[in-house]
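I opened the notebook to record what surrounds each ligand.

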Amino acid sequence: MKVKGLALPLFALALTCTCGCGGGGFYKYDTLAYFNAPCRWAFVPAEQGGEKAVWQEVTALFSDIQTEVSLGVPASSISRFNAAKAGETVEIGAIAYDILTEAQALYTETEGAYNPAAGLYVDLWGFSPRVLNGEGEMRPYDRDKASVPDEEYLSAFMPLLDFSALSLFEEEGRYYAKKPEIVALVDGTEYTMELDLGGIAKGYACDKAAKIIRNAGYDLGFLNVGQSSMRVFAGEKGGDWEIEVNSPRAEISAGRFLSVKGKHVGVSTSGDYENYFTAEGRRYCHIIDPFTGYPANASPSGDGSGVVAASLFGVPATAGDALTTAVLVKGEEWAKAFLKTRYPEAKAVFTVWDGATGEYSVATDLKSGEYTLYAEIPVRAF
Ligand code: AMP
Ligand code: MG
């Protein structure tokens, strides 16, 4: 279907792109079939009908990723791993193996803040597909409505967060993951390590699909995977796109929050607004802080201060996906120091809430003139 006019319609969440160079010329493929979120490829046709085959290859890749890692697919590699006993070796698919290998590196790099072994906590807090979609078997800690779990679970599950205890290996072209021997026992029920690749799978899909698109010769347009991971190619006539990030809070700006001009750049975003509940005035979001077992910025010892949304420009999508998740856990100071050494060329925008004053602010290393902020809140340059 052809995109009409200047603006590509805004999705409800996170990231989008509008043409900042006069509009027209771009076509798009959209799908809602993967990752529970909209995916879009915008392109300028390169050869007669060629883009259809490219989109078929991209969606076949998305389908393979989903089939291998989704927790909503009982036969996926990750679901089977989660259902396995402690110490068991589970044969997994090549894609799951590849993502887990990247996840191991990102776990180390983020000092454990990006931790795919947080699966049991995601479920305990009510953010897994099992709870959200009411699928699968009940568990002893299930509750009538979203609320803070019992302390005994929060502390008992801590040893299951040791992602470094997971071993991956390849034998004769087949791939395996060995579940750590660690068991947590609560009220007579045994729990073992459970994985959740929700913090990285869309980024991985974005990197792999962008490669398919570029290899096929398309270098105008963009690829948006689930609105949290984008690879932006060039705009019309090789110009820039206007990359828009949606607002993390309606009270600071409704709809769009920030826009940046750019091309040939990876963009990733994460926030506490995608999926959360509130209880007794506190916000509990879907990103788990593996150091406390509570959602990011929600541990009872804190006042809720922290990064509520993080966007990165210029980091490959797989790393960007995991890193934006990690920034919500580790906070602004860690993120600034980390980016400076590891991704000195990347640009970042963090929206920070101060629990003591109740104020929001933005921290960014984008220079004034490089971006437009649509919220009237203080900006701190770094
Ligand atoms: P994102 O939207 O990319 O920030 O990813 C959030 C998703 O990643 C959550 O919905 C969980 O499925 C999973 N997750 C939650 N906390 C973590 C964490 N600390 N490390 C890795 N994945 C996490
Ligand atoms: Mg992420």
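I sorted the shell of ligand 1 by class: six residues are nonpolar, six polar and three charged. For this I counted Ala, Val, Leu, Ile, Met, Phe, Trp, Tyr, Cys and Pro as nonpolar, Asp, Glu, Lys and Arg as charged, and the others, Gly among them, as polar.

The model is predicted, with local features needing pLDDT of at least 70 and side-chain atom pairs counting only at pLDDT 80 or more, while totals for chains, interfaces and linings use all residues. Residues are numbered from 1 along each chain as its sequence is written, chains are lettered from A and ligands numbered from 1 in the order in which they are written, and side-chain values use heavy atoms, without hydrogens and water.

I listed 15 residues around ligand 1, the closest being N115, D196, S270, I288 and T325 (a heavy atom within 4 Å counts as near).

The side chain of D196 places an N or O atom 2.7 Å from an oxygen atom of ligand 1.

Which residues coordinate the magnesium ion (ligand 2)? I found G199 (O), D321 (O), D321 (OD) and T325 (OG1), at 1.9 to 2.7 Å. Donors here are N, O and S atoms within 2.8 Å of the metal (3.2 Å for Na, K and Ca), and water is not among the atoms, so the site may look incomplete. The donor residues follow the spacing G-x121-D-x3-T in sequence. D321 and T325 are about one helical turn apart, because they are four residues apart in helix α8 (residues 317–330). Helices (H or I, at least four residues) and strands (E, at least two) are DSSP runs, numbered from the N terminus.

Last, I checked phi. E111, not a glycine, has a positive phi near 55°, and lies in the loop between α3 (94–109) and α4 (119–124). Q227, also not a glycine, has a positive phi of about 70°, and its place is the loop between β9 (221–225) and β10 (229–232).

Technical notes. Polar contact = N/O pair within 3.5 Å; in protein donor to acceptor, adjacent residues only side chain to side chain.
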